[in-house]
Amino acid sequence: MDSFSTLIRTASHEQHVEAETSTFMSDLLGGRLGVDAYARYTEQLWFVYEALETSAERLAADPVAGPFIRPELMRLASLERDLEHLRGTGWRASLSALPATRAYADRVRECAERWPGGYVAHHYTRYLGDLSGGQIIRDKAERTWGFAKKGDGVRFYVFEEISNPAAFKRMYRELLDAVPADDLEKQRIVAECKGAFALNTGVFRALGEEFPLSA
């Protein structure tokens, strides 16, 4: 029988691929969009991580979500440094969430308040993605827009406190396998993972509409 971490990965694979291969992300990583599109994407990430991380302290003692609350994963401070670099010191004044981003952040916040298992689903889809595919985005951004290697503008993707990402991801999957949940609850968590990828894809779609490639 497959482990829970394997079940989550295989069940959400299709949604994961759809998010990764969105037109906006393909254009961004292909160097066909300007740095403004990258900055706008970074702004949207801020809203999602603000929802994830403002709930973290309260969930730290929760038997389901608590083991996943790890300071070395926290991204909000790094995002804010990136936004200051991208948008200037007054970045907060112009910060705005797309409706799709608002829906995503609201769902994260709802799970954090009412359903720790759902929060774990969103935690998994974001942070493990950042540790994996996020490194491709960092490399492309450095080369396309000339950011200093692992410096301001791409700090969101730099996990300075995780010296061995592969080992950390193994440990994270072991935490998933040990989640105190029955089969029905695990199915609900898997479904929420799929929903998280769909919400993420919705943000990419909205960004694609805001930054269409000129014909």
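Modeller: The structure holds 0 disulfides. A disulfide is a covalent bond between the sulfur atoms of two cysteines. Here a disulfide is counted when a pair of cysteine sulfur atoms lies within 2.5 Å. Cysteine 111 is in no disulfide. Its nearest cysteine sulfur belongs to cysteine 193 and is 10 Å away. Cysteine 193 is likewise in no disulfide, and the nearest cysteine sulfur to it is that of cysteine 111.

A word on the source. This is a predicted model, in which local features need pLDDT of at least 70, side-chain atom pairs count only at pLDDT 80 or more, and totals for chains, interfaces and linings use all residues. Residues are numbered from 1 along each chain as its sequence is written, and side-chain values use heavy atoms, with hydrogens and water left out.

Are the two cysteines buried or exposed? Cysteine 111 counts as buried, because its relative accessibility is 1%. Cysteine 193 is buried too, at 0% relative accessibility. Buried means under 20% relative accessible area, exposed means over 50%, and partly exposed lies in between (1.4 Å probe, protein chains only).

Now look around them. Glutamate 110 is in helix H8, which covers residues 99-114. Helices are DSSP runs of H or I with at least four residues, strands are runs of E with at least two, and both are numbered from the N terminus. Glutamate 110 is partly exposed, because its relative accessible area is 32%. Glutamate 110 and methionine 1 are 109 residues apart in sequence, and their C-alpha atoms are 32 Å apart in space.

Cysteine 193 leads us to arginine 9. These two residues are 184 positions apart in sequence, yet 9.1 Å apart from C-alpha to C-alpha. Arginine 9 belongs to helix H1, residues 4-11. At 39% relative accessibility, arginine 9 is partly exposed. Leaving aside neighbours within four places in sequence, arginine 9 is in contact with Tyr124 and Arg173. Contact means heavy atoms within 4.5 Å.

Two other residues are worth a visit. Arginine 40 sits in helix H4, residues 35-54. Its relative accessibility is 10%, so arginine 40 counts as buried. Beyond four places in sequence, the contacts of arginine 40 include Arg87, Leu207 and Phe211. Valine 179 lies in the loop between helix H11 (165-177) and helix H12 (183-210). Valine 179 is buried, at 6% relative accessibility. Leaving aside neighbours within four places, valine 179 is in contact with Val64, Phe68 and Lys186. From valine 179 to tryptophan 91 is 88 residues in sequence and 39 Å in space, C-alpha to C-alpha.

Step back to the whole chain. The chain has 12 helices and 0 strands. Its radius of gyration is 17 Å, close to the 17 Å that the globule rule gives for 215 residues, so the chain is as compact as a globular protein of that length. That radius is taken over C-alpha atoms, and the globule rule is 2.2 Å times the number of residues to the power 0.38. The C-alpha atoms fill a box of roughly 50 × 35 × 30 Å along the principal axes. Of the 215 residues, 49% count as buried. Among contacts with a separation of 6 or more, 82% join residues 24 or more positions apart.
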